[in-house]
Amino acid sequence: MSWAAHDLEPYAFQKHLGLKMAFVPLLIGSYAPDLATKWFVYGIHLFGFDLKASDPVQFHRGWPGVGFTHSLLFGVVIGLIIWKGFGSKLWGLSFMLGQWAHAITDTGDTVGTMLLFPWTHHFSVGAWAYAGQTGRLTDAAAYFSGLGSMWDLVWILYGLYSWRVLTTEYFNKIIFVADHRFWGWLHKYIGRTGLITLYRAAFFYGCCRWVAWTIWAHVIHHYPYDLTWGGPHWVDAAHP
Amino acid sequence: MIRSGRLQTLVIYAIAAVVYVAIGVAFTDFMFSLVVAIVYLLVAVWLVPEGIRRLVRLARNS
């Protein structure tokens, strides 16, 4: 799995697609595969009960399970529902692109994704260890010690290089105009500064938590970096 | 050269980022939610600076 990449990729797409995409569904699509499932992968303690998938890897990425959320077909189906059900081709296409980015990015880990579901083959580059089954803190420590963390860094640096997409001028000329129905509606409740703050929030979140988790893992807890392929090898990486 | 408006925005975001990172490192639960991050950012870079601006204006006028 990836952490900050899903926050940051939409800004990179935005830079290249400009008025052709709507940012909000692009971002929602980028989060969509994990939106309702990640809590069950890590497990939560609720009203005295521990809720966690008995096989987190199978649940998250497999079939049977909700692994189909990481397939290209899932993006197409939800995109079509948005297009035909809510009458917005722009939102449908933008959602699909964001979801595809997530599904393809997650092929980077050792479990990979069923990109061509219903074919249940897992496409995996295996560059970094999938450690979701170990719980969220060990997963964080492992992710921010391996190549996944470097992949996130690429998106942070590309985002900083593309800093103009974060400016007020860009928001006014491109983001607002491309999706004026949504932003115009929201503008009635929060001012322009509020809109721009919301637009920048995912970038802020991605960059800050990359820095914070890196400090937590390597300065506070001294987990060792292992930037070898499939690492870090100090954690038991899951495979399909 | 960075325009003064942009520089002011950059400084506000930088301060908000440093505080977010400090809270996140101390309390990791804070970093697991995008919703928390959005609310935090709205408060830190919009509501708080706006409140300070109004207080300064009030102080000048009184």
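The structure is a predicted model, in which local features need pLDDT of at least 70 and side-chain atom pairs count only at pLDDT 80 or more, while totals for chains, interfaces and linings use all residues. Residues are numbered from 1 along each chain as its sequence is written, and chains are lettered from A and ligands numbered from 1 in the order in which they are written.

Chain A contains 11 helices and 2 strands; helices (H or I, at least four residues) and strands (E, at least two) are DSSP runs, numbered from the N terminus. Along the sequence, these elements of chain A follow the pattern α-α-α-β-β-α-α-α-α-α-α-α-α. The radius of gyration of chain A is 18 Å, close to the 18 Å given by the globule rule for 240 residues, so chain A is as compact as a globular protein of that length. The radius is taken over C-alpha atoms, and the rule is 2.2 Å times the number of residues to the power 0.38. Along the principal axes, the C-alpha atoms of chain A fill a box of roughly 50 × 40 × 40 Å. Of the 240 residues in chain A, 48% are buried. A residue is buried if 20 or more other C-beta atoms lie within 10 Å of its own, exposed if 12 or fewer, and partly exposed in between, with C-beta atoms placed from the backbone.

Helix H5 of chain A comprises 15 residues, 72–86, and reaches 21 Å from its first C-alpha to its last, close to the 21 Å expected at 1.5 Å a residue; the expected span is 1.5 Å times one less than the number of residues. The buried residues of H5(A) are Phe74(A), Gly75(A), Ile78(A), Gly79(A) and Ile82(A). They lie on the same side of H5(A) because they cover an arc of only 125° around the axis, the arc being that of the directions from the helix axis to the C-beta atoms. An α-helix has 3.6 residues a turn, so residues three or four places apart point the same way. On the other side of H5(A), Ile81(A), Lys84(A) and Gly85(A) are exposed. The buried residues of H5(A) pack against helix H2 (23–35) and helix H6 (89–105) of chain A. Just after H5(A), Gly87(A) takes a positive phi of about 70°.

The contact between the chains takes 17 residues from chain A and 15 residues from chain B, two residues being in contact if their C-beta atoms, placed from the backbone, lie within 7 Å. On the side of chain B that touches chain A, helix H1 (4–26) and helix H2 (34–61) of chain B each supply at least two residues. H2(B) gives the most to this side, with 7 residues.
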